[in-house]
Amino acid sequence: MLQLLSPTISYPSPLFHLTSHPFPPKPHFCSTHRLSFYLPPKMASFSGFLAKSQMGMTAGGGGGDGANGFSSLMDYVGKGGLDVGDDLLVLLYHIQFACKRIAALVASPFNSALGKHSALTGATSGAAASDRDKPKPLDIVANEIILSSLRNSGKVSVMASEEDDAPIWINDDGPFVVVLDPLDGSRNIDASIPTGTIFGVYNRLTELDNQPTEEKALLNLLQSGTKLVAAGYVLYSSATILCASFGSGTHAFTLDHSTGDFILTHPSIRIPPRGQIYSVNDARYFDWPEGLRQYIDTVRQGKGKFPKKYSARYICSLVADFHRTVLYGGIAMNPRDHLRLVYEANPLSYLAEQAGGKGSDGKSRILSIQPVKLHQRLPLFLGSLEDIDELESYGDVQQKVNPGYEV
């Protein structure tokens, strides 16, 4: 059953300040759209030093304060930069606005006190999660924050989330379709392990407009990853980093808490063609198929196509493991049918490909797989092109044995 749009969310005292805008907007508005919205002012300084990419590139280009090499997210994707179009610019503003609120909430000392009965929502959420992970209150709150922002943007027709069993129809005229995992890795949040938000954006299929709402909602959401117009993730860690692509490379922006702006710090990221790190839960080794065991044994001993011994790094937070892989290369993987194609595998594979990497289910390109169910699961291998090609050459790398892990 298609869910109706929920009413405006209210966050009662005493925790209201946690979900209000953490960076009070200044009176600077864009007047080129029918919908006025706040645009952060251009940044004049950034803690007294030039922001540079970890890939060795100056964070310039695409608008912003060219003299100092600074560019905010909104400048970079606006008319002075990538010029993604007015509608997508408005949508992106509301997404990054929501993610700033989530970042403030995740970092709050109050989130550990929420328990099963959320102090923010006032009641246990009725939205059922689509997988075995029992949602914690922050999953639900993050989902509601993003839903509220998408509704306020006026640019989204339908949304699908990990936290909702059915699509949520928002606006008949919204030009975009949004899929998302609002708070990946939340089971680890009590240990202050990094978490993240994953999102993907499609164009609404206007040829479906005359279909019943429930039918057109689902068909709009089951587009293949090749039709994505934008995708991204936000990492909530020692820094808050928004990494996104709009079809012309993958770029990462770091939140400057002094101004509330996402500042371009990693322009045109390129995943190294070969890494030296694999990321997987080694405790499942004896449940793996022979091909995957052989691959891991080989690269650990430095006997693969790359003659160096690989190291293991595993956080068990998809966004965090993928972010490290994007920067350093290698493979982040879950070989069993666990991760969701529509709102996890597709957006991250899009980012990987835009950065010169690859997303695979162990046999096929992720973006070429046609979804048949909203919460469809599959194995996922993300990272360096040469590493994933070598992995696929072993053939049998998809784990079919799934005894039902408790941890």
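This note sets out numbered points on the predicted model shown above.

1. Basis of the description. The model is predicted, so local features are taken at pLDDT of at least 70 and side-chain atom pairs at pLDDT 80 or more, while totals for chains, interfaces and linings use all residues. Residues are numbered from 1 along each chain as its sequence is written, and side-chain values use heavy atoms, with hydrogens and water left out.

2. Overall make-up. The chain holds nine helices and 15 strands; these are DSSP runs, with helices of H or I and at least four residues, strands of E and at least two, numbered from the N terminus. Of the 407 residues in the chain, 58% are buried. Here buried stands for under 20% relative accessible area, exposed for over 50%, and partly exposed for values in between (1.4 Å probe, protein chains only). Of the contacts between residues at least 6 apart in sequence, 66% join residues at least 24 apart; a contact requires heavy atoms within 4.5 Å.

3. The largest nonpolar core. This core has 45 residues, and those with the most contacts inside it are Leu73, Leu91, Ile102, Leu150, Val201 and Tyr236. Helix α3 (residues 86–106) gives the largest share of the core, 13 residues. A nonpolar core is a set of buried Ala, Val, Leu, Ile, Met, Phe, Trp, Tyr and Cys residues joined through side-chain atoms within 4.5 Å. Beyond its neighbours within four places in sequence, Val201 touches Leu88, Leu91, Phe176, Val177, Val178, Leu228, Val229 and Ala230. A second, separate core has 25 residues, among them Tyr233, Leu351, Ala352 and Leu378. In soluble globular proteins, nonpolar side chains tend to be buried together.

4. Packing of α3 on α4. The axes of α3 and helix α4 (residues 137–153) come within 9 Å and cross at roughly 155°. Axes are lines fitted to C-alpha atoms, for helices over the stretch in contact, and angles run from 0 to 180 degrees between N-to-C directions. The two helices, α3 and α4, are therefore roughly antiparallel, given that angles under 35 degrees count as roughly parallel, over 145 as roughly antiparallel, 65 to 115 as roughly perpendicular and the rest as oblique. The crossing of α3 past α4 is right-handed, that is, the near helix is turned clockwise from the far one by less than a right angle, anticlockwise being left-handed. On the α3 side the contact includes Val90, Leu91, Phe97 and Ile102, and on the α4 side Leu138, Val141, Ile145 and Leu150. The residues of this contact divide into 13 nonpolar, four polar and one charged. In this count Ala, Val, Leu, Ile, Met, Phe, Trp, Tyr, Cys and Pro are nonpolar, Asp, Glu, Lys and Arg are charged, and the others, Gly among them, are polar.

5. Surroundings of α9. Within helix α9 (residues 385–392), Asp387, Ile388, Glu390, Leu391 and Glu392 are buried. Their cover includes α6 (290–300), β13 (331–340), β14 (358–360) and β15 (377–383). The angle between α6 and α9 is about 135°, and their axes are 9 Å apart. That angle makes α6 oblique to α9. Leu292, Tyr295 and Val299 of α6 meet Asp387, Glu390 and Leu391 of α9. The contact residues comprise four nonpolar, no polar and two charged.

6. The loop between β3 and β4. Ala166 lies in the loop between β3 (156–161) and β4 (168–169), and Pro167 is placed in this loop as well. Ala166 is buried at 11% relative accessible area, and Pro167 is buried at 9%. The C-alpha atoms of Ala166 and Leu218, 52 residues apart in sequence, are 8.5 Å apart in space. For Pro167 and Ala217, 50 residues apart along the chain, the C-alpha separation is 6.5 Å.

7. Two serines with positive phi. Most residues other than glycine have a negative phi. Ser192 has a positive phi, near 60°; Ser192 sits in the loop between β5 (176–184) and β6 (195–203) and is exposed, with a relative accessible area of 67%. Ser268 has a positive phi near 50°. The loop that holds Ser268 runs between β10 (261–266) and β11 (277–279), and Ser268 is partly exposed at 34% relative accessibility.
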